[in-house]
Amino acid sequence: MSSDSPDTQSLDTLVQALRVLPGVGVKSAARMAFHLLQHDRDGARKLAAALTDAVSHIRHCRSCHTFTEHELCHTCADPSRDRTRLCVVETPADQAVMERTGAYDGQYFVLLGRLSPLDRIGLDDLGIRPLLERACDGVVQEVIVATSFTAEGEATAHILTESLRRRGLTVTRLARGVPVGSELEFVDLGTIAHALADRR
């Protein structure tokens, strides 16, 4: 959406801002913008305030890299979690899904991405070095690689598995109950729970 009229500059800016969301094109962004401005200005103000607050206060956990408002996230700070098991996931959204299954009580490490040569994302762009340090702390006994079953996720899992096994660690992978080509974030919880229980 674009216009030469200065009267729509703020609207154009809003539409472009909404387009940063995944899967949102110009038409969808324009619909959202018009809806908020025409039908829900109070909702728009709440959305703007929530985004500002989140960006100001949410950071990455010092230990696992997930989202938190504190130095350590709730999971890392919980003394009842099994510290001998470390589950490696791609994103904080994947960690949240794993938690909702109720099938895992260990610790996490969030890579904040996956290998993607086309997007120029390599090993140095992921948290590989901190992961290796964390996994080799003398406490962790098993590393569960729970990257997605996309081509990039599989490549990431392969490199992680080789690196961790060379350091004498036991490495397991989610079982194939998770559909090939799927994003973990969108897989149903029962499937993830079974895949976790049957990991190899």
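A residue is called buried when its relative accessible area is under 20%, exposed when that area is over 50%, and partly exposed in between, with a 1.4 Å probe and protein chains only. By that rule, buried residues account for 40% of the 200 residues in the chain. The model is predicted: local features need pLDDT of at least 70 and side-chain atom pairs count only at pLDDT 80 or more, while totals for chains, interfaces and linings use all residues. Residues are numbered from 1 along each chain as its sequence is written, and side-chain values use heavy atoms, with hydrogens and water left out.

**View 1**
The chain holds 8 helices and 6 strands, where helices (H or I, at least four residues) and strands (E, at least two) are DSSP runs numbered from the N terminus. Their order along the sequence is α-α-α-β-β-α-β-α-β-α-β-α-β-α, and the C-alpha trace spans about 65 × 35 × 35 Å along its principal axes. Domain 1 covers 8-57 and domain 2 covers 82-173, with bounds that come from an automatic or database domain assignment; the centres of the two domains, taken over C-alpha atoms, are 34 Å apart.

Valine 15 sits in helix α1 (residues 9-18) and is buried, its relative accessible area being 0%. Its C-alpha atom is separated by 39 Å from that of glycine 102, which is 87 residues away along the chain. Methionine 32, in helix α2 (residues 26-39), is partly exposed at a relative accessible area of 33%. Together with Val20 and Leu21, Met32 forms a nonpolar patch on the surface with about 280 Å² of accessible area. Patches are made of residues with over 30% relative accessible area and no salt bridge, like charges being joined within 9 Å and nonpolar side chains (Val, Leu, Ile, Met, Phe, Trp, Tyr) within 5 Å; accessible areas come from the Shrake-Rupley method with a 1.4 Å probe, and for residues only the protein chains shown count as cover.

**View 1. Two loop residues with positive phi.**
Most residues other than glycine have a negative phi. Histidine 65, in the loop between β1 (59-60) and β2 (67-68), has a positive phi near 80° and is buried, with a relative accessible area of 17%. Leucine 112, in the loop between β4 (106-110) and α6 (128-135), also has a positive phi, of about 65°, but leucine 112 is partly exposed at 39% relative accessibility.

The whole structure contains 8 salt bridges, a salt bridge being a side-chain nitrogen of Lys or Arg within 4 Å of a carboxyl oxygen of Asp or Glu. In one of them, glutamate 99 pairs with arginine 81, and the closest N and O atoms are 2.8 Å apart. This pair links distant parts of the chain, since glutamate 99 belongs to helix α5 (residues 92-101) and arginine 81 to the loop between α4 (74-77) and β3 (82-89), 18 residues apart. Glutamate 99 is partly exposed, with a relative accessible area of 29%, whereas arginine 81 is buried at 12% relative accessibility. Aspartate 82 and arginine 85 also meet through their side chains in a salt bridge (3.1 Å, N to O); aspartate 82 is partly exposed at 23%, and arginine 85 is buried at 17%.

**View 2. A salt bridge between two loops.**
Glutamate 183 forms a salt bridge with arginine 114, with 3.1 Å between the closest N and O atoms. The partners are 69 residues apart, glutamate 183 in the loop between β6 (170-173) and α8 (189-197) and arginine 114 in the loop between β4 and α6. At 32% relative accessibility, glutamate 183 is partly exposed.

Threonine 156 lies in helix α7 (residues 151-166) and is buried, with a relative accessible area of 1%. Apart from neighbours within four places in sequence, threonine 156 is in contact (heavy atoms within 4.5 Å) with Leu111, Arg114, Leu115, Leu126 and Thr147.
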